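Please look at the structure first and then read the points below.

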Amino acid sequence: MRGPENTSEAGPWRLVHVVRRQLPNRRLRWIAASVLAFLLLAFVIVWTTPLFEVKRIEVTGTSVLTPDEVAALGEDAVGRSVLGADLDAIAAAVAKLAPVASVEVTRAWPDAVSVAVTEREPYMAVPADDETFLMVDSEGVVFDETAAPPGSIWRVELAEPGPNDLATIETLTVLQSLPAALADEVQHVAAPSPAGITLYLEDGRTLRWGDGSESEQKAEVADRLLAGGYEHVDVSAPDAPTVS
C-alpha cells in the first residue's frame, strides 16, 4: 500500500514548480508590453514629428493633365502627418477628373504622398467646330480637346458624344467589331443617329452600316459587295442589302 504523502516536503517543491511555470508567461508578457510600448512611441513620433509631415504631393503619369492640377487635389494633406493623410479622399477627387482612367495613391515616406495617374487613351476624334476636335476614349468618355488629333484614331461625326449617348455607344460597337482589312479603308465615320452609322472609305465609296447589331454578318456582306465595285453599299439590313 502507498503511504500518506509527505506534505511538508511537497510544499517548497510545489512553489518551485509554480514559479517555473509562471516564469515563461511573465517573460512573454514583458516582451509583449515592451513591443506595444515601442509601437505606441513610434506612432506618436510619426504622428507628431515634423519630420513625418507631408511636404509635397508627387504626381506621375500625366500628359493631358498637369502635375499641379492633380497635386492641388491633395493640398489638404500637406502639413499633416503622412500617417494621417486621407489617401482614399485624394484618390476619389483625382478619379473625378475626366482624363483619369485610374489612379493609385500611396504614402511616400517620410514626407510625401504619391499619386500615380493612368490617363485615358484617345480612340475617336469628334469635330467640335472647324478647328477643334474632342478626344473620346473607347468607353465614350470625352476627356480632352485638341486642334491636331492623332492620325491613328477614328474621325467620327457625333452630335453629342458621351458614354450615355446611344449614337456614341452604337458607333463604338461598330468600330470595335470591324474586320482589320475593312477598318484600314475607313477615312471617317458619320453617326447622326444610333441606327444611321455610315463609313466613308478612302476611295470615296460609302458603306451604310446602320447600328451595331449583326456586325459579323454585315461585314461578310459588305466585303462581297465592295469587291463588286459598287459605290454605295447599304448593309444596315444584311439580309436585304442595297447598292448603287
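In this predicted model, nine strands make up an open sheet of mixed pairing, ordered E6-E5-E4-E7-E8-E9-E10-E11-E12. Strands here are DSSP runs of E with at least two residues, helices are runs of H or I with at least four, and both are numbered from the N terminus; two strands pair if DSSP finds at least two bridges between them. Because strand E6 (142–146) and strand E12 (242–243) stand at the edges with a single partner strand each, one side of each has no neighbour in the sheet.

**Basis of the model**
- Residues are numbered from 1 along each chain as its sequence is written, and side-chain values use heavy atoms, without hydrogens and water.
- Local features need pLDDT of at least 70 and side-chain atom pairs count only at pLDDT 80 or more, whereas totals for chains, interfaces and linings use all residues.

**Inside the sheet**
- Strand E7 (residues 154–157) and strand E8 (residues 186–190) run parallel and are joined by two bridges, with Glu-157 standing opposite Ala-190 in E8.

**Helix H6**
- Helix H6 (residues 215–227) lies across E9, E10, strand E11 (232–234) and E12.
- Just after H6, Gly-229 takes a positive phi of about 90 degrees.

Key
Contact = heavy atoms within 4.5 Å. Axes fitted to C-alpha atoms, helices over the stretch in contact; angles between N-to-C directions.
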